[in-house]
Amino acid sequence: MNRLLTILLLLSLLAHSAHAADLFDHDPWTTADTVRQGIYLGLLAVDCGQTTYAFKVLAKKPSYRVAETNPFLDPKPSLERIRNTCVASAITHTIVAFFLPSDYRLALQHVSIGIEVSIVHFNYQSVGLALSF
């Protein structure tokens with residue numbers, strides 16, 4: 001858990017520090033961008049924790065039928081595949097958001113936050129998933 005959170009935090013800080021150093025010629029990365037990206041990464045971490053819990057704990061119970069619906073994962077992914085997909089998603093999203101023009105960055109972050117909120121809510125309310133890292 002600590003490793004994933006550390007990676008997510010470092011990615012967010014990396015995007016912010018790259019702007020501070022003016023390494024790239026594009027729309028500036030703002031504090032609001034950092035806040036939105038942090039919210040997205042936090043929700044992604046919760047989603048990944050719920051998915052890990054489903055396949056680490058619930059899949060071992062005979063009364064549960066667990067199948068992943070994420071098109072980037074197999075219906076019954078390994079824990080390593082879940083972790084790798086989550087880390088790749090966090091890295092890719094942060095890099096893409098950083099290089100997008102500010103209007104598109106704002107749209108990407110809002111849509112991504114909305115999607116993650118709905119996934120986390122569904123996992124919690126409908127399936128009753130807790131967290132596991």
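The expected span of a helix is 1.5 Å times one less than its number of residues.

First, the ground rules. This is a predicted model, so local features need pLDDT of at least 70 and side-chain atom pairs count only at pLDDT 80 or more, while totals for chains, interfaces and linings use all residues. Residues are numbered from 1 along each chain as its sequence is written, and side-chain values use heavy atoms, with hydrogens and water left out.

Now the overall picture. The protein chain has four helices and zero strands. The pattern along the sequence is α-α-α-α. Helices here are DSSP runs of H or I with at least four residues, strands are runs of E with at least two, and numbering starts at the N terminus. The chain has 133 residues, and 35% of them count as buried. Buried means under 20% relative accessible area, exposed means over 50%, and partly exposed lies in between, with a 1.4 Å probe and protein chains only. Take the contacts in the chain with a separation of 6 or more: residues 24 or more positions apart account for 68% of them. Contact means heavy atoms within 4.5 Å.

Next, α3, residues 79-99. Its 21 residues should span 30 Å at 1.5 Å a residue, and the end C-alpha atoms are 31 Å apart, which agrees. Its buried residues include Ile-82, Cys-86, Ala-90, His-93 and Ala-97.

Then α4. This helix has 26 residues and reaches 36 Å from first C-alpha to last, close to the expected 38 Å. Gly-128 follows α4, with a positive phi near 75 degrees. Among the buried residues of α4 are Arg-105, Gln-109, Glu-116 and Asn-123. What do the buried residues of α4 pack against? They pack against α2 and α3.

On to packing. Two packed helices are described by the angle between their axes and the distance between the axes. Axes are lines fitted to C-alpha atoms, for helices over the stretch in contact, and angles run from 0 to 180 degrees between N-to-C directions. Under 35 degrees counts as roughly parallel, over 145 as roughly antiparallel, 65 to 115 as roughly perpendicular, and the rest as oblique.

Pair one: α2, residues 31-56, and α4, residues 102-127. The angle is about 30 degrees and the axes are 9 Å apart. That makes α2 roughly parallel to α4. The contact includes Tyr-40, Leu-43 and Asp-47 of α2, and Ile-113, Glu-116 and Val-120 of α4. By class, it has eleven nonpolar, six polar and five charged residues. Ala, Val, Leu, Ile, Met, Phe, Trp, Tyr, Cys and Pro count as nonpolar, Asp, Glu, Lys and Arg as charged, and the others, Gly among them, as polar.

Pair two: α2 and α3. They pack at about 170 degrees, axes 10 Å apart. The two are therefore roughly antiparallel. Among the residues that meet are Leu-44 and Cys-48 in α2, and Cys-86 and Ala-90 in α3. This contact divides into ten nonpolar, six polar and one charged.

His-93, Val-96, Ala-97 and Phe-98 in α3 meet Arg-105, Leu-108, Gln-109 and Ser-112 in α4.

Last stop, Asp-25. This residue sits in the loop between α1 (2-20) and α2. Buried or exposed? Asp-25 is exposed, with a relative accessible area of 83%.
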